[in-house]
Amino acid sequence: MSALSADELYQRSILESVSRTFALTIPLLPPNLEKVVGNTYLLCRIVDTIEDASCMDAMTKQDLSASFVKTVLGEQNPKQFTDQCAIALAEHNNLDEKDLIQNIPRVLRVLDSCDIQQRQAVARCIQIMSDGMSYFHTRQNPRGLESLSEFEKYCYVVAGVVGEMLTTVFALHSPAFAKAISQNEHLAISFGQALQMTNILKDSPEDRARGVSWKPIGISETDLLVIAHQKLEDALHYIHCIPKSELGIRRFCFLAFGLAVLTLKQIALRHHGHISIEAKLTRSQVSRFYVFTKLAVHSDWLMDIFFRIQARSLKA
């Protein structure tokens with residue numbers, strides 16, 4: 001086995017360890033996209049690890065974020081970053097995330113094997129995300145973000161920029177998609193923001209327990225559910241732009257979209273008084289939807305029907 005093959009094998013195995021959901025969806029993509037998207041997810045996971053680490057103060061997080069960007073851009077030796085993380089994350093209890101960080105040289109070697117345009121899209125994504133999170137590291141507080149515009153900005157730097165990166169690599173792969181999405185690139189941002197809004201609403205009890213809120217001050221959960229519904233409508237239009245000949249890409253996107261819709265539905269039902277319903281989806285719910293996507297991705301109409309039925313509680 002070549003060194004690169006071993007690194008790619010590590011990438012697939014650590015992906016399964018740090019995210020069951022993305023380990024399920026990313027392999028649906030065509031091989032050249034699976035590699036770069038899986039690689040980007042792992043790099044984004046490192047950014048998330050820095051953001052979420054309760055054992056670090058805001059200044060340390062900013063220093064690590066800056067160091068990580070330099071590492072990804074090839075401006076410093078990866079060992080400098082891993083040594084910094086070994087100290088800063090000594091008390092971090094997620095061993096898989098620590099293993100990922102210590103093996104960042106392997107992840108970056110896989111990135112280096114991607115084509116130049118893919119690498120540029122990934123580097124842009126990581127730089128915007130890391131810089132954006134550094135901005136928000138100092139704004140974490142129990143009350144929440146200052147305004148709705150701050151909330152949307154946060155959702156952009158955390159996930160909207162990932163939508164832009166995916167759009168770039170999808171367009172490089174499919175000229176038909178590049179033509180369909182032209183002049184509609186804003187849909188990619190809404191797609192990413194919708195997924196992040198879902199995560200914020202789902203994780204708000206845990207965030208509140210650690211003294212953080214990413215919700216905007218003065219905006220009710222009902223209003224946030226309505227905003228998320230609007231973003232999801234854009235996300236569905238985005239999926240419609242993907243040619244039916246690209247079933248792997250359509251299914252990858254529809255899975256992420258649909259799981260967000262189902263999660264928000266449960267959050268909305270809890271909000272309307274059904275407190276016995278959990279916000280987090282069960283494995284059986286995920287499995288059933290996974291099977292449904294095999295059929296639904298062939299038809300825009302089926303995807304539209306799914307959204308209209310499942311999102312009624314959000315629109316209400």
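D7, R106 and R109 are linked in a network of salt bridges (side-chain nitrogen of Lys or Arg within 4 Å of a carboxyl oxygen of Asp or Glu). The model is predicted: local features need pLDDT of at least 70, side-chain atom pairs count only at pLDDT 80 or more, and totals for chains, interfaces and linings use all residues. Residues are numbered from 1 along each chain as its sequence is written, and side-chain values use heavy atoms, with hydrogens and water left out.

The structure holds 12 salt bridges. One of them joins the side chains of R109 and D7, at 2.8 Å from N to O. R109 belongs to helix 7 (residues 104-112) and D7 to helix 1 (residues 3-18), 102 residues apart. Helices are DSSP runs (H or I, at least four residues), numbered from the N terminus. D7 is buried, with a relative accessible area of 4%, whereas R109 is partly exposed at 43%. Here buried means under 20% relative accessible area, exposed over 50%, and partly exposed in between (1.4 Å probe, protein chains only).

A salt bridge also forms between E152 and K231, at 3.7 Å from N to O. E152 lies in helix 9 and K231 in helix 12, so the pair ties together parts 79 residues apart in sequence. E152 is partly exposed at 25%. K231 is buried, with a relative accessible area of 12%. Beyond residues up to four places away in sequence, K231 touches E152, S190, Q193, A194 and M197; contact means heavy atoms within 4.5 Å. D300 and K244 meet in a salt bridge of 3.7 Å, N to O. D300 is in helix 15 and K244 in the loop between helix 12 and helix 13, so this pair connects parts 56 residues apart in sequence. K244 counts as partly exposed, at 44% relative accessibility.

A search of the whole structure finds 18 aromatic pairs. Rings of Phe, Tyr and Trp (its six-membered ring) pair if their centres lie within 6.5 Å; planes under 30 degrees apart count as stacked, over 60 as edge-to-face and the rest as tilted. Y154 and W214 are stacked, 4.2 Å centre to centre, with 5° between the planes. Y154 sits in helix 9 (residues 148-173), and W214 in the loop between helix 11 (186-209) and helix 12 (221-240), 60 residues apart. Y154 and W214 are buried. F191 and Y238 pair edge-to-face, at 5.5 Å centre to centre and 75° between the planes. Both F191 and Y238 are buried. One aromatic cluster is formed by F254, F257, F289, F292, F306 and F307.

Charges also sit over rings (NZ of Lys or CZ of Arg within 6 Å of the ring centre and within 35 degrees of the ring normal). The charged end of K153 lies over the ring of Y135, 4.0 Å from its centre. R251 lies over the face of Y290, at 4.4 Å from the ring centre.

Y290 is also one of the buried residues of helix 14, with F289, T293 and A296. Seen down the axis of helix 14, these buried residues fall within an arc of 125°, so they line one face; the arc is that of the directions from the helix axis to the C-beta atoms. The face turned away from the buried side of helix 14 carries the exposed residues R283, R288, V291 and L295. Cover for the buried residues of helix 14 includes helix 2 (20-25), helix 13 (247-271) and helix 15 (300-310).

Terms used:
Helices (H or I, at least four residues) and strands (E, at least two) are DSSP runs, numbered from the N terminus.
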